[in-house]
Amino acid sequence: AVRHRIRFNVEYMYREPDCHEHVVMGINGQFPGPTITAEAGDTLEILLTNKLSTEGTVIHWHGIRQYGTPWADGTAAISQCAIAPGETFNYTFTVDRPGTYFYHGHFGMQRAAGLYGSLIVNLPKGKKEPFHYDGEFNLLLSDWWHKSTHSQEVGLSSMPFRWINEPQSLLINGRGQYNCSLAASLIKTSLPQCKFRGNEQCAPQILHVDPNKTYRIRIASTTSLASLNLAIGDHKLVVVEADGNYVKPFIVDDIDIYSGESYSVLLTTNQDPKKNYWISVGVRGRPPNTPQGLTILNYKTISASVFPTSPPPITPQWDDYNRSKAFTYKILALKGTEQPPQHYDRRLFLLNTQNLVDGYTKWAINNVSLALPTTPYLGSIRFNVNGAFDPKSPPDNFSMDYDILKPPLNPNAKIGSGVYMFQFNQVVDVILQNANVMKGKNSEIHPWHLHGHDFWILGYGDGKFKQGDDSKFNLKNPPLRNTAVIFPHGWTALRFKADNPGVWAFHCHIEPHLHMGMGVIFAEAVQNVTSTIPRDAFACGILKKFLNKEHN
Ligand SMILES: O=C1O[C@H]([C@@H](O)CO)C(O)=C1O
């Protein structure tokens with residue numbers, strides 16, 4: 001095992017991610033941030049310096065469970081204080097499991113501003129994956145707005161509410177095209193044909209392949225809003241990994257990927273080697289108003305500048321949810337994956353609703369919209385100081401006569417900062433229940449992400465979860481993941497073991513939704529957090545005085 005010492009300078013910089021100049025958040029002059037590559041068992045020591053002049057920052061290592069290092073999870077007001085301008089924070093943690101991961105900002109809307117990058121954990125040398133491949137590529141997907149995230153954030157917090165609307169572009173490894181299309185001559189568009197020399201910041205990153213080989217393509221989505229579908233023209237994909245866990249391989253024409261998810265797919269280059277092929281990314285789950293993100297799969301037998309002769313794959317209809325479900329339900333654990341406990345100790349029913357709080361538009365869970373406190377939970381719970389957050393636990397369930405198919409009869413919710421507390425090794429079930437939004441007959445997709453854990457996805461269903469639905473749970477080969485989607489007007493059932501002392505966020509990975517309160521806080525056996533907590537992580541809010549006093 002190796003210790004990697006990495007310096008990260010977080011800064012704003014001018015870039016043209018989609019050929020249109022904008023301020024983006026980058027790291028060490030790069031956007032997306034540098035790709036971190038390590039081997040399972042390695043330790044990462046990331047010295048993060050905040051080079052922003054007027055904002056705090058933190059970075060979350062998405063999919064890394066942080067066993068024994070809950071203060072390194074990188075969630076502002078939860079696992080640490082935001083790092084002040086000019087200051088440096090040391091994130092030290094081990095990457096214990098191979099897989100496709102990423103990192104991103106977790107303060108305000110900094111992820112949507114471009115603060116993200118890839119984190120690839122390989123198997124230790126000498127160990128073999130349960131599938132074969134000759135080479136690999138990495139695609140980090142995101143969505144991009146021309147309105148600044150500050151402006152977006154103020155709109156979301158204003159009365160009247162201003163929604164962020166759909167993104168201007170989709171980015172593949174931080175590159176998209178807003179003013180032109182790579183496929184202009186092949187599709188219905190008013191955009192001109194893109195003409196690149198190749199060194200432009202918005203020129204697509206082309207995947208160069210040899211014929212008759214198998215490639216592993218790692219795909220992760222750090223979108224702020226968009227649910228995506230990715231396809232590679234004329235090629236099949238074999239799904240083998242999801243969120244750092246092996247899955248039972250299955251063949252598809254395209255994959256759906258929600259914000260917070262990652263996959264590995266195998267691609268065999270068995271098509272005509274005298275052609276190049278489109279790699280396309282499109283929006284699903286919301287009425288799309290964003291052109292497809294595109295790049296090219298280049299067979300090295302011909303020039304990379306030869307465009308494919310047929311149009312890019314058509315993204316499946318945005319509201320064909322049966323198709324989305326069919327894909328999602330195919331994801332099952334590979335044999336040998338740890339199986340879930342057969343029984344649970346505590347079961348939470350979490351109703352997801354769009355709400356009003358004093359006239360402001362919010363999202364609430366069991367009628368509580370999450371507002372983060374000024375003192376990070378991990379610090380206030382570990383050091384036992386009162387008054388940092390609502391001492392009352394939020395509700396474990398919701399009224400069973402709530403009609404999830406209709407807009408709420410009373411849309412008013414409360415703001416809250418309460419915590420669900422779990423004992424060490426308790427088996428926790430969460431039934432996420434989706435519901436209708438405030439206006440019209442509609443319900444939206446929400447990808448829920450859990451920090452500090454993977455969970456087993458035991459089942460999905462349409463409508464309201466009923467007693468007896470748990471008799472159909474898959475306890476044999478449910479997929480282990482860190483992100484699970486709830487479909488419109490449906491439910492999703494998860495199980496995890498509270499075996500990781502710390503405080504963990506569990507939230508909708510859609511950035512504006514989290515900002516509007518769509519999350520809950522889980523605290524697990526925090527008294528068992530024994531090893532030395534870096535004090536500088538908690539010197540804010542009411543702990544500032546407390547930690548100083550103890551020091552003197
Ligand atoms: O949170 C949201 O608000 C808008 C809409 O419901 C109100 O403008 C939308 O599409 C969301 O996802």
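Student: Which residue in β17 does V239 stand opposite?

Tutor: This is a predicted model, where local features need pLDDT of at least 70, side-chain atom pairs count only at pLDDT 80 or more, and totals for chains, interfaces and linings use all residues. Residues are numbered from 1 along each chain as its sequence is written, and side-chain values use heavy atoms, without hydrogens and water. Strand β14 (residues 237-242) pairs with β17 in the antiparallel sense over four bridges; a strand is a DSSP run of E, at least two residues, numbered from the N terminus. In β17, V239 stands opposite V265.

Student: How many bridges join β12 to β17?

Tutor: Strands pair if DSSP finds at least two bridges between them. Y215 has L267 as its bridge partner in β17. Strand β12 (residues 214-221) runs antiparallel to β17, and the bridges that join them number seven.

Student: How many of the seven residues of β17 are buried?

Tutor: Buried means under 20% relative accessible area, exposed over 50%, partly exposed in between (1.4 Å probe, protein chains only). Strand β17 (residues 262-268) is mostly covered. The buried residues number six.

Student: What is the bridge partner of H60 in β7?

Tutor: H60 lies in strand β5 (residues 59-62), where it is buried on one side with H62, while I59 and W61 are buried on the other. β5 pairs antiparallel with strand β7 (residues 99-105) over four bridges. In β7, the partner of H60 is H104.

Student: Why does H507 count as buried?

Tutor: H507 sits in strand β31 (residues 502-508). H507 counts as buried because its relative accessible area is 3%.

Student: How much of the ligand's exposed area does the protein bury?

Tutor: Polar contacts here are pairs of N or O atoms within 3.5 Å. A ligand oxygen is 2.6 Å from an N or O atom in the side chain of E444, and one is 2.7 Å from a polar side-chain atom of H513. Taken alone, the ligand exposes 310 Å² (Shrake-Rupley, 1.4 Å probe). The share buried by the protein is 76%.

Student: Which domains each supply at least three residues of the ligand shell?

Tutor: The residues around the ligand, with a heavy atom within 4 Å of it, include F161, R286, W363 and M516. The shell divides into four nonpolar, two polar and two charged residues; Asp, Glu, Lys and Arg count as charged. Domain bounds come from an automatic or database assignment. The suppliers are domain 2 (135-329) and domain 3 (346-547).

Technical notes
Polar contact = N/O pair within 3.5 Å; in protein donor to acceptor, adjacent residues only side chain to side chain.
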